[in-house]
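Work through the exercises below with the model open. Each task is followed by a solution in steps.

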Amino acid sequence: MCTYRTEKIELDGAGKGAAGWFTLSGGAVYVDHPYHACHEHTVNIDFTNAAEGPSARVAVELTEESALALVEAIQKALAAAPAGLASARRRPAGA
Amino acid sequence: MNDAIWAGTVSIAGHESAELEAYLARPLGDRPRGGVVVIHHLPGYDDPTKEIVRRFAARGYAAVCPNLYSREGAGVSPDDQAAAARAKGGVPDEQLVGDVAAAAAHLNALDHANGRIGVIGFCSGGRQAFLAACSLQIDAAVDCYGAFVVNDPPAQFPLKAGPLISKAPDLSCPLLGLFGADDSHPAPDEVTVLAAELKRLGKEHEFHTFPDAGHAFFAVDRPAYRPPAALEGWKKIFEFYGRHLSA
(Lines give C-alpha, C1' and ligand atoms only; values in the text may rest on other atoms or scores of the structure.)
Protein backbone atom coordinates (compact mmCIF):
# COMPACT_ATOMS: atom_id res chain seq x y z
CA MET A 1 0.00 0.00 0.00
CA CYS A 2 1.98 2.97 -1.25
CA THR A 3 -0.83 5.36 -1.62
CA TYR A 4 -0.71 8.95 -0.47
CA ARG A 5 -2.79 11.96 -1.12
CA THR A 6 -5.65 11.88 -3.57
CA GLU A 7 -6.32 15.18 -5.32
CA LYS A 8 -10.01 15.50 -6.08
CA ILE A 9 -11.38 18.05 -8.53
CA GLU A 10 -14.76 19.04 -9.91
CA LEU A 11 -14.92 18.72 -13.67
CA ASP A 12 -17.30 19.94 -16.34
CA GLY A 13 -17.10 18.14 -19.65
CA ALA A 14 -17.59 14.69 -21.11
CA GLY A 15 -15.66 11.47 -21.30
CA LYS A 16 -16.01 8.22 -23.20
CA GLY A 17 -16.08 5.15 -21.00
CA ALA A 18 -16.79 1.47 -21.55
CA ALA A 19 -20.50 2.17 -22.12
CA GLY A 20 -20.02 5.27 -24.31
CA TRP A 21 -20.03 8.99 -23.65
CA PHE A 22 -21.10 10.42 -20.32
CA THR A 23 -21.02 13.79 -18.59
CA LEU A 24 -18.06 14.30 -16.27
CA SER A 25 -18.61 15.74 -12.83
CA GLY A 26 -15.43 14.88 -10.97
CA GLY A 27 -11.90 13.66 -11.14
CA ALA A 28 -9.22 12.18 -8.91
CA VAL A 29 -5.45 12.25 -9.32
CA TYR A 30 -3.19 10.04 -7.23
CA VAL A 31 0.22 8.39 -7.34
CA ASP A 32 -0.07 4.69 -6.59
CA HIS A 33 0.32 1.22 -7.97
CA PRO A 34 -1.43 1.03 -11.34
CA TYR A 35 -4.15 -1.48 -12.14
CA HIS A 36 -2.91 -2.22 -15.63
CA ALA A 37 0.23 -0.26 -16.59
CA CYS A 38 3.44 -2.25 -16.30
CA HIS A 39 5.21 0.04 -13.82
CA GLU A 40 5.48 -0.15 -10.04
CA HIS A 41 3.91 3.28 -9.58
CA THR A 42 2.05 5.61 -11.89
CA VAL A 43 0.10 8.85 -11.82
CA ASN A 44 -3.48 7.65 -11.94
CA ILE A 45 -6.27 9.89 -13.16
CA ASP A 46 -9.94 8.98 -12.93
CA PHE A 47 -12.57 11.01 -14.76
CA THR A 48 -15.90 10.19 -13.15
CA ASN A 49 -19.55 10.94 -12.63
CA ALA A 50 -20.49 9.67 -9.18
CA ALA A 51 -24.21 10.11 -9.87
CA GLU A 52 -24.00 7.63 -12.73
CA GLY A 53 -22.19 5.02 -10.63
CA PRO A 54 -18.70 3.50 -10.52
CA SER A 55 -18.81 2.36 -14.15
CA ALA A 56 -18.97 5.98 -15.31
CA ARG A 57 -15.19 6.24 -15.24
CA VAL A 58 -12.41 6.93 -17.68
CA ALA A 59 -9.13 5.82 -16.13
CA VAL A 60 -5.57 6.55 -17.23
CA GLU A 61 -2.30 5.46 -15.64
CA LEU A 62 0.73 7.51 -16.69
CA THR A 63 4.41 7.57 -15.84
CA GLU A 64 5.61 10.70 -14.10
CA GLU A 65 7.23 11.90 -17.34
CA SER A 66 4.04 11.30 -19.28
CA ALA A 67 1.90 13.07 -16.71
CA LEU A 68 4.17 16.12 -16.72
CA ALA A 69 4.23 16.12 -20.52
CA LEU A 70 0.43 16.01 -20.50
CA VAL A 71 0.23 18.98 -18.12
CA GLU A 72 2.61 20.93 -20.37
CA ALA A 73 0.67 20.00 -23.49
CA ILE A 74 -2.61 21.13 -21.94
CA GLN A 75 -1.06 24.44 -20.93
CA LYS A 76 0.46 24.96 -24.39
CA ALA A 77 -2.80 24.15 -26.14
CA LEU A 78 -4.73 26.55 -23.93
CA ALA A 79 -2.10 29.27 -24.37
CA ALA A 80 -2.33 28.93 -28.15
CA ALA A 81 -6.11 29.42 -28.18
CA PRO A 82 -7.90 32.73 -27.52
CA ALA A 83 -8.34 33.22 -23.78
CA GLY A 84 -11.67 31.90 -22.57
CA LEU A 85 -12.51 30.04 -25.78
CA ALA A 86 -13.09 26.75 -23.94
CA SER A 87 -14.46 28.36 -20.78
CA ALA A 88 -17.77 27.15 -19.34
CA ARG A 89 -18.70 30.84 -18.94
CA ARG A 90 -18.37 31.56 -22.65
CA ARG A 91 -21.73 32.06 -24.37
CA PRO A 92 -22.37 30.39 -27.71
CA ALA A 93 -21.76 32.71 -30.68
CA GLY A 94 -24.83 34.83 -31.44
CA ALA A 95 -26.44 34.16 -28.07
CA MET B 1 -4.77 -39.21 -5.75
CA ASN B 2 -7.66 -36.90 -6.54
CA ASP B 3 -6.43 -33.36 -7.13
CA ALA B 4 -9.48 -32.12 -9.01
CA ILE B 5 -11.00 -28.86 -7.82
CA TRP B 6 -14.19 -26.87 -8.30
CA ALA B 7 -13.86 -23.10 -8.63
CA GLY B 8 -16.36 -20.38 -9.32
CA THR B 9 -18.34 -17.39 -8.14
CA VAL B 10 -20.65 -17.69 -5.14
CA SER B 11 -22.69 -15.23 -3.13
CA ILE B 12 -22.27 -14.79 0.60
CA ALA B 13 -24.03 -12.55 3.12
CA GLY B 14 -21.35 -10.22 4.49
CA HIS B 15 -21.30 -7.59 7.22
CA GLU B 16 -24.84 -6.39 8.00
CA SER B 17 -26.16 -9.00 5.54
CA ALA B 18 -24.79 -7.20 2.48
CA GLU B 19 -24.69 -9.49 -0.52
CA LEU B 20 -21.07 -10.10 -1.51
CA GLU B 21 -19.71 -11.67 -4.62
CA ALA B 22 -16.99 -14.15 -3.69
CA TYR B 23 -14.70 -16.53 -5.50
CA LEU B 24 -14.61 -20.03 -4.04
CA ALA B 25 -12.32 -22.93 -4.89
CA ARG B 26 -12.41 -26.32 -3.17
CA PRO B 27 -11.10 -29.82 -3.76
CA LEU B 28 -13.55 -32.36 -5.17
CA GLY B 29 -12.22 -35.11 -2.90
CA ASP B 30 -13.78 -36.00 0.42
CA ARG B 31 -10.84 -35.61 2.80
CA PRO B 32 -11.42 -33.28 5.76
CA ARG B 33 -9.83 -29.91 5.10
CA GLY B 34 -9.20 -26.50 6.54
CA GLY B 35 -10.50 -23.30 5.01
CA VAL B 36 -8.61 -20.18 3.91
CA VAL B 37 -10.10 -16.71 3.56
CA VAL B 38 -8.09 -14.74 1.00
CA ILE B 39 -8.20 -10.95 1.43
CA HIS B 40 -7.49 -9.17 -1.83
CA HIS B 41 -5.14 -6.22 -2.25
CA LEU B 42 -6.10 -2.58 -2.63
CA PRO B 43 -6.50 -2.76 -6.44
CA GLY B 44 -9.35 -5.14 -5.81
CA TYR B 45 -10.85 -8.48 -6.66
CA ASP B 46 -8.78 -9.34 -9.70
CA ASP B 47 -7.73 -12.37 -11.72
CA PRO B 48 -4.38 -12.90 -9.95
CA THR B 49 -6.22 -13.02 -6.61
CA LYS B 50 -8.59 -15.66 -7.98
CA GLU B 51 -5.53 -17.60 -9.07
CA ILE B 52 -4.32 -17.51 -5.46
CA VAL B 53 -7.68 -18.94 -4.34
CA ARG B 54 -7.34 -21.82 -6.82
CA ARG B 55 -3.78 -22.41 -5.64
CA PHE B 56 -5.02 -23.14 -2.13
CA ALA B 57 -7.67 -25.52 -3.46
CA ALA B 58 -5.06 -27.37 -5.49
CA ARG B 59 -3.17 -27.86 -2.23
CA GLY B 60 -6.19 -29.36 -0.51
CA TYR B 61 -7.85 -26.36 1.17
CA ALA B 62 -11.24 -24.81 0.59
CA ALA B 63 -10.55 -21.14 -0.10
CA VAL B 64 -12.72 -18.12 -0.68
CA CYS B 65 -12.02 -14.50 -1.55
CA PRO B 66 -14.93 -12.14 -0.84
CA ASN B 67 -15.06 -9.10 -3.09
CA LEU B 68 -14.71 -6.42 -0.42
CA TYR B 69 -15.87 -3.82 -2.93
CA SER B 70 -19.11 -5.64 -3.84
CA ARG B 71 -21.10 -2.80 -2.29
CA GLU B 72 -20.02 -0.56 -5.17
CA GLY B 73 -22.56 -2.34 -7.32
CA ALA B 74 -23.26 -5.68 -8.98
CA GLY B 75 -22.17 -5.84 -12.58
CA VAL B 76 -19.56 -3.10 -12.10
CA SER B 77 -16.09 -4.20 -13.18
CA PRO B 78 -13.70 -4.84 -10.26
CA ASP B 79 -11.31 -2.04 -11.24
CA ASP B 80 -14.14 0.50 -11.26
CA GLN B 81 -15.39 -0.88 -7.93
CA ALA B 82 -11.87 -0.45 -6.52
CA ALA B 83 -11.63 3.15 -7.72
CA ALA B 84 -15.04 3.95 -6.24
CA ALA B 85 -14.18 2.30 -2.90
CA ARG B 86 -10.90 4.16 -2.78
CA ALA B 87 -12.63 7.48 -3.43
CA LYS B 88 -14.80 6.79 -0.38
CA GLY B 89 -11.80 6.12 1.84
CA GLY B 90 -11.58 2.35 1.44
CA VAL B 91 -13.25 -0.34 3.49
CA PRO B 92 -14.08 0.45 7.16
CA ASP B 93 -12.37 -1.93 9.61
CA GLU B 94 -15.65 -3.06 11.18
CA GLN B 95 -17.07 -3.97 7.77
CA LEU B 96 -13.93 -5.92 6.89
CA VAL B 97 -14.19 -7.98 10.05
CA GLY B 98 -17.84 -8.75 9.33
CA ASP B 99 -17.07 -9.77 5.76
CA VAL B 100 -14.20 -12.06 6.82
CA ALA B 101 -16.39 -13.64 9.51
CA ALA B 102 -19.03 -14.35 6.87
CA ALA B 103 -16.46 -15.84 4.50
CA ALA B 104 -15.11 -18.07 7.29
CA ALA B 105 -18.63 -19.23 8.17
CA HIS B 106 -19.26 -20.04 4.52
CA LEU B 107 -16.15 -22.23 4.44
CA ASN B 108 -17.05 -23.98 7.67
CA ALA B 109 -20.50 -24.81 6.31
CA LEU B 110 -19.08 -26.66 3.31
CA ASP B 111 -18.91 -30.45 3.24
CA HIS B 112 -15.67 -31.89 4.64
CA ALA B 113 -14.73 -28.68 6.51
CA ASN B 114 -12.59 -29.53 9.53
CA GLY B 115 -13.55 -26.30 11.31
CA ARG B 116 -10.10 -24.71 11.08
CA ILE B 117 -9.76 -21.35 9.35
CA GLY B 118 -6.76 -19.46 8.05
CA VAL B 119 -6.72 -15.93 6.72
CA ILE B 120 -4.21 -14.45 4.32
CA GLY B 121 -4.04 -10.95 2.90
CA PHE B 122 -1.81 -9.01 0.57
CA CYS B 123 -0.92 -5.28 0.65
CA SER B 124 -3.87 -3.53 2.39
CA GLY B 125 -5.20 -7.08 2.86
CA GLY B 126 -2.11 -7.90 4.94
CA ARG B 127 -3.14 -5.28 7.46
CA GLN B 128 -6.70 -6.57 7.26
CA ALA B 129 -5.57 -10.17 7.88
CA PHE B 130 -3.95 -8.98 11.11
CA LEU B 131 -7.13 -7.05 11.97
CA ALA B 132 -9.29 -10.13 11.36
CA ALA B 133 -6.99 -12.31 13.47
CA CYS B 134 -7.24 -9.80 16.34
CA SER B 135 -11.03 -9.54 16.04
CA LEU B 136 -12.19 -13.10 15.27
CA GLN B 137 -11.31 -16.63 16.38
CA ILE B 138 -8.92 -17.68 13.61
CA ASP B 139 -6.49 -20.63 13.54
CA ALA B 140 -3.64 -19.22 11.44
CA ALA B 141 -3.08 -15.79 9.88
CA VAL B 142 -0.69 -14.68 7.15
CA ASP B 143 0.19 -11.01 6.68
CA CYS B 144 1.89 -10.34 3.34
CA TYR B 145 3.45 -6.87 3.53
CA GLY B 146 0.56 -5.14 5.28
CA ALA B 147 1.37 -1.52 6.11
CA PHE B 148 0.07 0.69 8.92
CA VAL B 149 -0.16 -2.13 11.46
CA VAL B 150 2.38 -0.26 13.59
CA ASN B 151 2.87 3.19 12.09
CA ASP B 152 0.37 5.93 11.40
CA PRO B 153 -0.34 6.49 7.72
CA PRO B 154 1.09 9.67 6.19
CA ALA B 155 -0.81 12.91 6.64
CA GLN B 156 -3.75 13.29 4.24
CA PHE B 157 -3.76 9.57 3.60
CA PRO B 158 -6.99 8.92 1.68
CA LEU B 159 -7.94 5.62 3.31
CA LYS B 160 -9.46 4.94 6.72
CA ALA B 161 -6.58 2.78 7.90
CA GLY B 162 -5.10 3.46 11.32
CA PRO B 163 -2.50 1.46 13.22
CA LEU B 164 -3.60 -1.80 14.82
CA ILE B 165 -0.79 -2.60 17.22
CA SER B 166 -3.00 -1.84 20.22
CA LYS B 167 -5.10 -4.86 19.19
CA ALA B 168 -2.12 -7.24 19.33
CA PRO B 169 -3.07 -8.59 22.80
CA ASP B 170 -6.23 -9.98 21.13
CA LEU B 171 -4.38 -11.84 18.37
CA SER B 172 -6.20 -15.18 18.36
CA CYS B 173 -3.75 -17.36 16.42
CA PRO B 174 -0.20 -17.84 15.16
CA LEU B 175 0.87 -15.16 12.67
CA LEU B 176 3.15 -15.63 9.67
CA GLY B 177 4.51 -12.34 8.34
CA LEU B 178 6.16 -12.11 4.91
CA PHE B 179 7.87 -8.86 4.02
CA GLY B 180 10.29 -7.33 1.52
CA ALA B 181 13.54 -5.78 2.72
CA ASP B 182 13.15 -2.97 0.17
CA ASP B 183 9.55 -2.14 1.09
CA SER B 184 8.81 1.24 2.63
CA HIS B 185 5.19 0.41 3.64
CA PRO B 186 5.85 -1.51 5.81
CA ALA B 187 9.52 -0.67 6.17
CA PRO B 188 11.73 -3.20 7.99
CA ASP B 189 11.77 -1.05 11.15
CA GLU B 190 7.97 -1.27 11.36
CA VAL B 191 8.19 -5.05 11.03
CA THR B 192 10.80 -5.13 13.80
CA VAL B 193 8.53 -3.18 16.14
CA LEU B 194 5.62 -5.55 15.47
CA ALA B 195 7.79 -8.62 16.07
CA ALA B 196 9.05 -7.16 19.36
CA GLU B 197 5.52 -6.42 20.54
CA LEU B 198 4.30 -9.93 19.69
CA LYS B 199 7.29 -11.40 21.49
CA ARG B 200 6.57 -9.25 24.54
CA LEU B 201 2.97 -10.46 24.52
CA GLY B 202 3.99 -14.10 24.07
CA LYS B 203 2.10 -14.33 20.76
CA GLU B 204 3.31 -17.06 18.41
CA HIS B 205 4.66 -15.53 15.22
CA GLU B 206 7.10 -16.21 12.42
CA PHE B 207 8.39 -13.30 10.34
CA HIS B 208 10.50 -13.45 7.20
CA THR B 209 11.93 -10.42 5.42
CA PHE B 210 13.21 -11.30 1.96
CA PRO B 211 16.23 -9.54 0.43
CA ASP B 212 15.96 -7.91 -3.01
CA ALA B 213 12.19 -7.73 -2.68
CA GLY B 214 9.89 -4.77 -2.13
CA HIS B 215 6.17 -4.30 -1.78
CA ALA B 216 3.93 -6.74 -3.69
CA PHE B 217 6.66 -9.29 -4.46
CA PHE B 218 3.99 -12.03 -4.78
CA ALA B 219 2.17 -10.14 -7.57
CA VAL B 220 2.89 -12.22 -10.67
CA ASP B 221 1.40 -9.64 -13.06
CA ARG B 222 3.39 -6.66 -11.78
CA PRO B 223 7.00 -5.50 -12.10
CA ALA B 224 7.29 -5.88 -8.32
CA TYR B 225 7.19 -9.68 -8.72
CA ARG B 226 10.32 -11.29 -7.26
CA PRO B 227 10.33 -15.02 -8.01
CA PRO B 228 12.91 -16.04 -5.34
CA ALA B 229 10.98 -14.28 -2.55
CA ALA B 230 7.59 -15.40 -3.86
CA LEU B 231 8.61 -19.05 -4.23
CA GLU B 232 10.13 -19.15 -0.76
CA GLY B 233 7.13 -17.27 0.58
CA TRP B 234 4.67 -19.80 -0.83
CA LYS B 235 6.71 -22.58 0.74
CA LYS B 236 6.49 -20.85 4.13
CA ILE B 237 2.74 -20.36 3.72
CA PHE B 238 2.03 -24.00 2.97
CA GLU B 239 4.29 -25.20 5.81
CA PHE B 240 2.52 -22.83 8.18
CA TYR B 241 -1.00 -23.80 7.14
CA GLY B 242 0.04 -27.46 7.11
CA ARG B 243 0.91 -27.14 10.80
CA HIS B 244 -2.09 -25.11 11.89
CA LEU B 245 -5.02 -26.01 9.66
CA SER B 246 -4.82 -29.79 9.72
CA ALA B 247 -7.72 -31.67 11.26
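**Exercise 1.** Find which residues of H1(B) and H6(B) meet, and classify the crossing of the two helices.

Solution. The model is predicted. On the H1(B) side the residues are B:Ile52, B:Arg55 and B:Phe56, and they meet B:Trp234, B:Ile237, B:Phe238 and B:Tyr241 of H6(B). By class, this contact divides into 6 nonpolar, no polar and 1 charged residues. Next, take the axes: H1 (residues 47-58) and H6 (residues 227-244) of chain B come within 12 Å and cross at roughly 50 degrees. That makes H1(B) oblique to H6(B). The crossing is right-handed.

**Exercise 2.** Determine how H3(B) and H4(B) are oriented to each other, and which residues meet.

Solution. Helix H3 (residues 93-108) and helix H4 (residues 124-135) of chain B have axes 10 Å apart and pack at an angle of about 75 degrees. An angle of 65 to 115 degrees counts as roughly perpendicular, so H3(B) and H4(B) are roughly perpendicular to each other. From H3(B), B:Asp93, B:Leu96, B:Val97 and B:Val100 meet B:Arg127, B:Gln128, B:Leu131, B:Ala132 and B:Ser135 of H4(B). The residues of this contact divide into 5 nonpolar, 2 polar and 2 charged.

Note on methods: Residues are numbered from 1 along each chain as its sequence is written. Chains are lettered from A and ligands numbered from 1 in the order in which they are written. This is a predicted model: local features need pLDDT of at least 70, side-chain atom pairs count only at pLDDT 80 or more; totals for chains, interfaces and linings use all residues. Side-chain values use heavy atoms; hydrogens and water are left out. Axes are lines fitted to C-alpha atoms, for helices over the stretch in contact, and angles run from 0 to 180 degrees between N-to-C directions. Helices (H or I, at least four residues) and strands (E, at least two) are DSSP runs, numbered from the N terminus. Angles under 35 degrees count as roughly parallel, over 145 as roughly antiparallel, 65 to 115 as roughly perpendicular and the rest as oblique. A crossing is left-handed if the near helix is turned anticlockwise from the far one by less than a right angle, and right-handed if clockwise. Contact means heavy atoms within 4.5 Å. Ala, Val, Leu, Ile, Met, Phe, Trp, Tyr, Cys and Pro count as nonpolar, Asp, Glu, Lys and Arg as charged, and the others, Gly among them, as polar.
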